[in-house]
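Subject: Structure handover

Hello,

Here is the structure I promised. Please open it first, then read my notes below.

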Amino acid sequence: MNIAFMGTPDFAVHSLNVLIEEGMNVVCVVTQPDRPQGRKKVLTPTPVKAAAVEHGIPVLQPQRMRNAESIAELAAYKPDLIVTAAFGQILPKAVLDLPRLGCVNIHGSLLPKYRGGAPIQRCIINGETVTGITLMYMAEGLDTGDMISKIEVPITDEDTSGTLFAKMSEAGATILRRELPRLLEGKVEAEPQNDDESTYAPNLTREDEELDWSKTSRELYNQVRGLVPFSGGFTLWNGEVFKVWKISKPTTDATLKGAALEAVPGTVLELLPEGIVVRTGDSTVTLTEIQPAGKKALQASDFVRGTSMTKGTVLG
């Protein structure tokens with residue numbers, strides 16, 4: 001049984017390892033091309049490529065999977081089943097039709113909710129308390145294929161995208177290991193998605209990273225958690241980008257009094273040892289880890305000791 005695996009980030013490595021641990025004949029791995037990373041722009045392989053090389057599995061790195069040359073290269077391995085996890089490119093019908101047992105995808109949400117490229121981040125940003133993994137057959141539409149199985153993953157108030165990615169990676173490996181025998185036997189009864197219940201989770205943009213202080217404290221807290229550790233949120237201070245990496249969890253009993261009640265959202269109300277207290281649309285938040293323009297990230301408690309930022313400064 002020839003299996004081709006397609007994936008790119010750390011999220012996909014656990015699922016590749018399941019195939020290897022289960023003794024599957026992984027004939028090739030398809031992943032994104034090496035990219036320059038860091039300040040020195042060092043050409044760096046994807047985590048999936050690194051894992052494949054470690055196990056001596058042939059690696060394909062097409063710029064575009066839609067190219068006839070890329071399709072022919074994959075077809076030469078004669079895959080019976082293709083397993084994908086966060087590959088990063090939409091597969092053309094010519095690829096979907098290659099394996100006799102189909103193409104299955106380990107998607108990071110409970111479909112049909114959060115179709116698209118950033119379901120894990122969007123779940124946190126939107127304040128969800130439960131998400132999960134859907135193992136699905138791939139179709140030509142964006143995450144529209146029939147569903148094979150699901151597994152739920154709780155989201156805690158302390159989760160960031162980083163911690164949730166780790167949980168979801170483990171869940172993806174679990175569901176693949178559980179369903180692999182049925183997939184190989186071709187005895188899967190898949191359930192069509194209800195398109196009327198679908199929602200979308202497009203890739204994050206720079207606009208998604210900007211903090212709108214008129215939002216509620218809870219919305220801002222969720223936004224920053226959803227952006228960590230990849231980009232963090234940002235606002236403006238003195239016309240320059242001021243990044244926010246961590247916000248204290250909002251309290252339910254926060255009340256505004258006096259000058260704080262009259263202050264516009266984004267106003268710095270206090271510079272305390274524990275951080276920077278900022279007025280929001282409904283109460284306040286405390287910024288506890290920040291990054292001024294041109295500087296490294298640091299604890300806000302260290303920042304307030306030597307900053308020129310003053311009480312009454314308006315951020316944004």
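Start with helix 3. Its buried residues pack against strand 1 (2-7), strand 2 (25-30), strand 5 (59-60), strand 6 (81-85) and helix 4 (93-96). Packing here rests on contact, meaning heavy atoms within 4.5 Å. Helices (H or I, at least four residues) and strands (E, at least two) are DSSP runs, numbered from the N terminus.

A word on the source. This is a predicted model: local features need pLDDT of at least 70, side-chain atom pairs count only at pLDDT 80 or more, and totals for chains, interfaces and linings use all residues. Residues are numbered from 1 along each chain as its sequence is written, and side-chain values use heavy atoms, leaving out hydrogens and water.

Back to helix 3, residues 68-75. Ser-70, Ile-71 and Leu-74 are its buried residues. Buried means under 20% relative accessible area, exposed over 50%, partly exposed in between (1.4 Å probe, protein chains only).

Next, the loop between strand 7 (103-107) and helix 5 (119-125), which holds Ser-109. Leu-110 lies in that loop too. An unreviewed UniProt entry annotates Ser-109, Leu-110, Leu-111 and Pro-112 as "binding site". Such annotations may be inferred rather than shown by experiment; positions follow the numbering used here, and feature names are shortened.

Ser-109 counts as buried because its relative accessibility is 1%. Leu-110 has 21%, so it counts as partly exposed. Beyond four places away in sequence, Ser-109 touches residues including Tyr-114 and Met-168.

Best wishes
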